[in-house]
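These are my notebook entries on a structure with its sequence. I set down what I looked up, topic by topic.

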Amino acid sequence: MPFLETIYHLRTIEQIILYNKMTKVLSKEEQETILFLESQYENEMLEYPGQAPDFDGEAALWGAKTIYFAAQLLLFRDHKVEELYTFLPDFKGEIDAKAMLSADLCLRFLPQIILELKRIDADDLAIPILEKYMAAFSYSAIGFDVVSETVNVDIVFSNPCLKQLYLNRVVERKAEKTALIDSVQKELLAGFGDYKHVFWNEL
Amino acid sequence: MAEDTSNGLKMYFLEISKKHIDFLGAIRDWENVKMAFDGEFVWAKDFYPEQLNAIEIQQIPFHSIYELKENLLFKKGSLLPVKKLPSGLLWSPIIRAIPVTLPKFNHNYFGIDQRLELHLKPSEIENEAYALLTDYNELKTYIETAPDFRLKPLKWIVVKKNILLLGKPMLPIKGDTFWLKNNFLLPAGYDFEHSVLSKTIEQNLNLLGEHLIVWNTDNSCFKIKKDSLKPLSISSFRLTFS
């Protein structure tokens with residue numbers, strides 16, 4: 001099961017290892033991957049503040065596939081440009097808190113792949129597609145300049161758990177551009193209390 | 001730290017009759033204080049502001065404290081000068097000015113049965129709190145929605161029915177605070193009655209430095225092994241109490 005193996009390595013040792021070349025993922029393997037990602041999500045849930053949103057299998061699988069084919073595209077370019085969308089399809093479901101957190105299991109590694117794609121060829125047509133996904137799943141994109149500042153924080157802030165996780169990641173990655181968005185900055189300062197100089201003096 | 005009148009800081013002097021010099025033994029370990037002899041009197045200066053109000057000073061009988069303004073000495077709080085500061089005083093650190101005389105060694109004395117009881121006493125010197133003893137419910141309501149950057153700098157341990165949090169900055173929750181002195185956690189606002197002995201006490205209680213010793217205001221204490229402290233996180237809290 002090459003797809004599951006790749007995702008397993010990504011989640012456990014944070015490395016991408018590819019075992020095949022641009023082949024379709026079988027539906028049996030998809031199911032196994034969703035189960036694996038669900039167990040990963042349950043582990044991470046322990047660290048989530050408040051009531052964590054439910055796991056969204058579809059979004060998690062979509063995130064895994066997106067990163068899988070994005071990594072493949074780094075190496076293999078035998079296909080035509082028109083075929084890019086067949087490998088990197090849009091997310092069909094609704095992008096809400098649970099979709100954003102479930103997809104983030106794998107999508108959090110995507111910015112590094114985009115940077116690598118840019119390094120090889122800045123005009124690569126796969127880049128705008130992936131950047132569009134990053135803009136939609138803004139939680140995964142925090143701190144990487146792959147997305148412009150037009151982040152829509154409304155979806156993020158509609159769920160208290162995701163909102164806190166979002167703020168945590170902004171601080172952890174010192175994502176200044178995101179931190180300077182008015183609503184985000186207000187929440188951050190509230191979280192720092194009297195200790196802004198300890199946590200993030202420059203903000 | 002000599003305080004300079006030119007900086008607008010007040011300079012205080014303590015005067016005591018030479019026959020009562022033994023009472024100064026209580027402040028002999030204040031390294032900043034200097035002392036000089038002048039005929040029948042003894043003078044001390046260079047106090048920190050907080051030391052002037054300390055219990056050690058208040059307990060010294062027959063002493064007077066003067067404030068120096070334009071080379072005239074005013075009784076503390078008084079507007080009338082009392083006298084001039086004697087000139088030509090020879091100042092030396094108090095610890096050298098009052099040497100300790102050890103009792104003569106007694107060759108016929110064989111038992112060492114004296115015991116020193118350890119007490120804490122309120123202290124005037126401010127120390128920043130380092131630990132917080134709180135209970136489960138207090139922490140739970142806070143931690144469930146806490147930002148992780150507030151938890152990361154902290155360590156924690158469960159102590160009987162309470163929870164001890166260590167590190168700065170502290171969480172904004174209710175509890176008793178402690179400050180860190182060597183490996184002792186002393187209640188905020190308290191210090192050992194014999195502060196100089198803290199190194200010796202530590203050597204007796206905690207030779208290898210593996211423990212933190214937490215003191216209560218009733219002079220009881222308990223030990224915590226340092227390597228049983230865990231980093232504080234939401235999952236650590238949830239897994240402990242699930």
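I took two strands as paired if DSSP finds at least two bridges between them; helices (H or I, at least four residues) and strands (E, at least two) are DSSP runs, numbered from the N terminus. With that in hand I looked up the hairpin of S2(B) and S3(B), which has two residues between the strands and in which Gly39(B) takes a positive phi near 55°.

Conventions. I noted that the model is predicted, that local features need pLDDT of at least 70, that side-chain atom pairs count only at pLDDT 80 or more, and that totals for chains, interfaces and linings use all residues. Residues are numbered from 1 along each chain as its sequence is written, while chains are lettered from A and ligands numbered from 1 in the order in which they are written.

Entry 1: strands around S3 of chain B. I found strand S2 (residues 34–38) of chain B antiparallel to S3(B), joined to S3(B) by five bridges. Strand S1 (residues 11–17) of chain B also runs antiparallel to strand S3 (residues 41–45) of chain B, again over five bridges. I then asked which residue of S3(B) is the bridge partner of Glu15(B). The partner is Trp43(B), and Trp43(B) is also the bridge partner of Ala36(B).

Entry 2: Asp46 of chain B. I placed Asp46(B) in the loop between S3 and helix H1 (49–52) of chain B. Asp46(B) is not a glycine, yet has a positive phi of about 65°. Is Asp46(B) buried or exposed? I recorded Asp46(B) as buried, because 20 other C-beta atoms lie within 10 Å. The cut-offs are 20 or more other C-beta atoms within 10 Å of the residue's own for buried, 12 or fewer for exposed, and partly exposed in between, with C-beta atoms placed from the backbone.

Entry 3: the open sheet of chain B. I traced eight strands in the order S16-S15-S13-S12-S9-S11-S10-S17 (chain B), with mixed pairing. Strand S16 (221–225) and strand S17 (230–231) of chain B are the edge strands, each pairing on one side only. Within the sheet, strand S13 (residues 184–187) and strand S15 (residues 211–215) of chain B pair in the parallel sense over two bridges. Leu185(B) stands opposite Val214(B) in S15(B).

Entry 4: two loops of chain B. In the loop between S12 and S13 of chain B I located Asn182(B), whose phi is positive, near 50°, although the residue is other than glycine. Asn182(B) is partly exposed, with 13 other C-beta atoms within 10 Å. In the loop between strand S11 (162–166) and strand S12 (176–181) of chain B I located Pro169(B). A cis peptide bond joins Lys168(B) to Pro169(B), with omega about -5°.

Entry 5: His211 of chain B. This residue, His211(B), lies in strand S15 of chain B and is partly exposed, with 19 other C-beta atoms within 10 Å. Leaving out residues up to four places away in sequence, I listed Asn183(B), Asn206(B), Lys223(B), Ile224(B), Lys225(B) and Lys226(B) as touching His211(B); contact requires C-beta atoms, placed from the backbone, within 7 Å.

Entry 6: helix packing in chain A. Axes are lines fitted to C-alpha atoms, for helices over the stretch in contact, and angles run from 0 to 180 degrees between N-to-C directions. Helix H1 (residues 2–13) and helix H2 (residues 27–45) of chain A pack at about 15°, with axes 9 Å apart. That makes H1(A) roughly parallel to H2(A), since angles under 35 degrees count as roughly parallel, over 145 as roughly antiparallel, 65 to 115 as roughly perpendicular and the rest as oblique.

Helix H10(A) and helix H12 (residues 182–192) of chain A pack at about 85°, with axes 11 Å apart. H10(A) is therefore roughly perpendicular to H12(A). I listed Leu167(A), Val170(A) and Val171(A) of H10(A) and Val184(A), Glu187(A), Leu188(A) and Gly191(A) of H12(A) as making the contact.

Entry 7: chain A against chain B. How many residues of chain A are in contact with chain B? I recorded 14 residues of chain A in contact with 13 of chain B. H10(A) gives the most to that side of chain A, with five residues.

Note on methods
Contact = placed C-beta atoms within 7 Å.
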